[in-house]
Amino acid sequence: QVQLVESGGGLVQAGGSLRLSCAASGSTFSINVMAWYRQAPGKQRELVADIRSGGVTNYADSVKGRFTISRDNAKNTMYLQMNSLKPEDTGVYYCNAYRSQSGLKWSDSWGQGTQVTVSS
């Protein structure tokens, strides 16, 4: 099992920046995909960005050019640098980690979430 702990959320004005961190521990050797999701009030959880072994990244259209996902394998930590924040970026941001194999998710793990609030 993998344990995930997010940090770095907070309140920021529109146009500002925040950096989220997700520290992984436990059976991290099994993980080949890490991702950030977010959930706004009254909305479904959505994928923000993910990063795969080898550094391949994927972003939601709404954050392309503003957010950057990265991973420090030596520290077992994933980051999300968020720039030019908008009020619609407000929500709880969750860290997710799993092993993708044969089209399935294995050892799917979630953090507790960190609140990001962007004021207009």
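**Strand pairing and overall form of the predicted chain**

Strand 3 (residues 18-26) and strand 8 run antiparallel and are joined by six bridges. Strands are DSSP runs of E with at least two residues, helices are runs of H or I with at least four residues, and both are numbered from the N terminus. Two strands count as paired if DSSP finds at least two bridges between them. Within this pairing, serine 21 has tyrosine 79 of strand 8 as its bridge partner. The model is predicted: local features need pLDDT of at least 70, side-chain atom pairs count only at pLDDT 80 or more, and totals for chains, interfaces and linings use all residues. Residues are numbered from 1 along each chain as its sequence is written, and side-chain values use heavy atoms, with hydrogens and water left out.

Strand 8 also pairs with strand 7 (residues 67-72). These two strands run antiparallel, again through six bridges. Aspartate 72 is bridged to threonine 77 of strand 8. Strands 7 and 8 form a hairpin, with four residues between them. In the turn, asparagine 76 has a positive phi of about 50°. Five of the six residues of strand 8 (residues 77-82) are buried, so this strand is largely enclosed by the rest of the structure. Buried means under 20% relative accessible area, exposed over 50%, and partly exposed in between (1.4 Å probe, protein chains only).

Serine 109 lies in strand 10 (residues 104-110). Its relative accessibility is 2%, so serine 109 counts as buried. Apart from neighbours within four places in sequence, serine 109 is in contact (heavy atoms within 4.5 Å) with Gln1, Val2, Leu4, Cys95, Asn96 and Ala97.

The chain has 11 strands and zero helices. The radius of gyration, taken over C-alpha atoms, is 14 Å, close to the 14 Å that the globule rule gives for 120 residues, so the chain is as compact as a globular protein of that length. The globule rule is 2.2 Å times the number of residues to the power 0.38. Along the principal axes, the C-alpha atoms fill a box of roughly 40 × 25 × 25 Å. Of the 120 residues, 42% count as buried. Among contacts with a separation of 6 or more, 54% come from residues 24 or more positions apart.

The accessible surface comes to about 6300 Å². Carbon and sulfur atoms hold 48% of that surface. Accessible areas come from the Shrake-Rupley method with a 1.4 Å probe; for residues, only the protein chains shown count as cover.
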